[in-house]
Amino acid sequence: MMKQALLQEFEHEAENTRKLLKAIPDSALGYRPQPELWSVAQLASHIVDIYYWYEGTFNLDTFDVLIHKSKNPNAPDLERAASFVEIFEENYKLAKSAIENSDEATYNNDWKLVEGEKVWIGPMPKIIAIRSMLYNHLYHHRGELVAHLRATGNKVPGLYGPTYDDKITVVEY
């Protein structure tokens, strides 16, 4: 039952991610509001990479970023906005499969994020890692991306309803 709810949220939110990534123009890729913050391209790259993390989070009890980085064949071209959508589509399929093939009985297993021997996060129940490291983490970075795109004067799609850019038709009864 929990897996089905996670899958439904995943599908709904993946469409929002897709819309947002499609809204990125090449002209905005280098924008960063402050020198220490990620650029639009770096944020978009991180967002599509999070979808690659689903397998290691749903189906492993220890996610090693060193192994993840060496196995991930999907690196976007940071100079071409369309590449983020392309990589997203590949990683989306992998992520959906990871959820579908996960064993709900393992959702309370201890889970941790490591880099070799160094523990970065955890241990914590896997379901907490799923909600925080995948879902909420993704939403956080999408919000940053929306702010970056707005700051560059670009339109952004409505993710949870229309934005002021959208033409709203009022229907009177």
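**The cavity and its surroundings**

Author: The largest cavity has a volume of about 30 Å³. A cavity is a set of points on a 1 Å grid over the protein atoms alone, where a 1.4 Å probe fits but cannot get out. Points join across faces, edges and corners, and the volume is the space filled by probe spheres set on them. By this rule there is one cavity of 30 Å³ or more.

The model is predicted: local features need pLDDT of at least 70, side-chain atom pairs need 80 or more, and totals for chains, interfaces and linings use all residues. Numbering runs from 1 along each chain as its sequence is written, and side-chain values use heavy atoms, without hydrogens or water.

Which residues line the largest cavity? They are Phe-10, Glu-13, Ala-14, Tyr-51, Tyr-54, Tyr-135, Leu-138 and Tyr-139, each with an atom within 4 Å of a point. Helices α1 and α6 are the elements that give two or more residues to this lining. Helices here are DSSP runs of H or I, at least four residues long; strands are E runs of at least two; both are numbered from the N terminus. By class, the lining has seven nonpolar residues, no polar ones and one charged. Nonpolar means Ala, Val, Leu, Ile, Met, Phe, Trp, Tyr, Cys or Pro; charged means Asp, Glu, Lys or Arg; the others, Gly among them, are polar.

Take Glu-13 from that lining. Glu-13 sits in helix α1. It counts as buried because its relative accessibility is 8%; buried is under 20% relative accessible area, exposed over 50%, partly exposed in between, with a 1.4 Å probe and protein chains only. The side chain of Glu-13 makes a polar contact with the side chain of Arg-142, at 2.6 Å. Such a contact is an N or O pair within 3.5 Å; within protein, one atom must be able to donate a hydrogen and the other to accept it, and sequence-adjacent residues count only if both atoms are side-chain atoms. Glu-13 also touches Tyr-51, Tyr-139 and Tyr-160, leaving out residues up to four places away in sequence. Contact means heavy atoms within 4.5 Å.

Now α1 as a whole. It covers residues 2-22, and its end C-alpha atoms are 30 Å apart.

Leu-20 is another residue of α1. At 1% relative accessibility, it is buried. Beyond its neighbours within four places, Leu-20 contacts Arg-142, Leu-145, Val-146, Leu-149 and Pro-157. Leu-20 and Gly-143 are 123 residues apart along the chain, yet their C-alpha atoms are separated by 9.9 Å.

Move on to His-148, in helix α6. Its relative accessibility is 6%, so it counts as buried. The side chain of His-148 reaches the backbone oxygen of Trp-38 at 2.9 Å.

Ser-39 belongs to the loop between α1 and α2. Ser-39 is buried too, with a relative accessible area of 6%. Outside four places in sequence, Ser-39 contacts Leu-29, Gly-30, Tyr-31, Arg-32 and His-148.

Methods: The expected span of a helix is 1.5 Å times one less than its number of residues. On a 1 Å grid over the protein atoms alone, a cavity is a set of points where a 1.4 Å probe fits but cannot get out, and a pocket is an open set with protein on both sides within 12 Å along at least five of seven lines; lining residues have an atom within 4 Å of a point.
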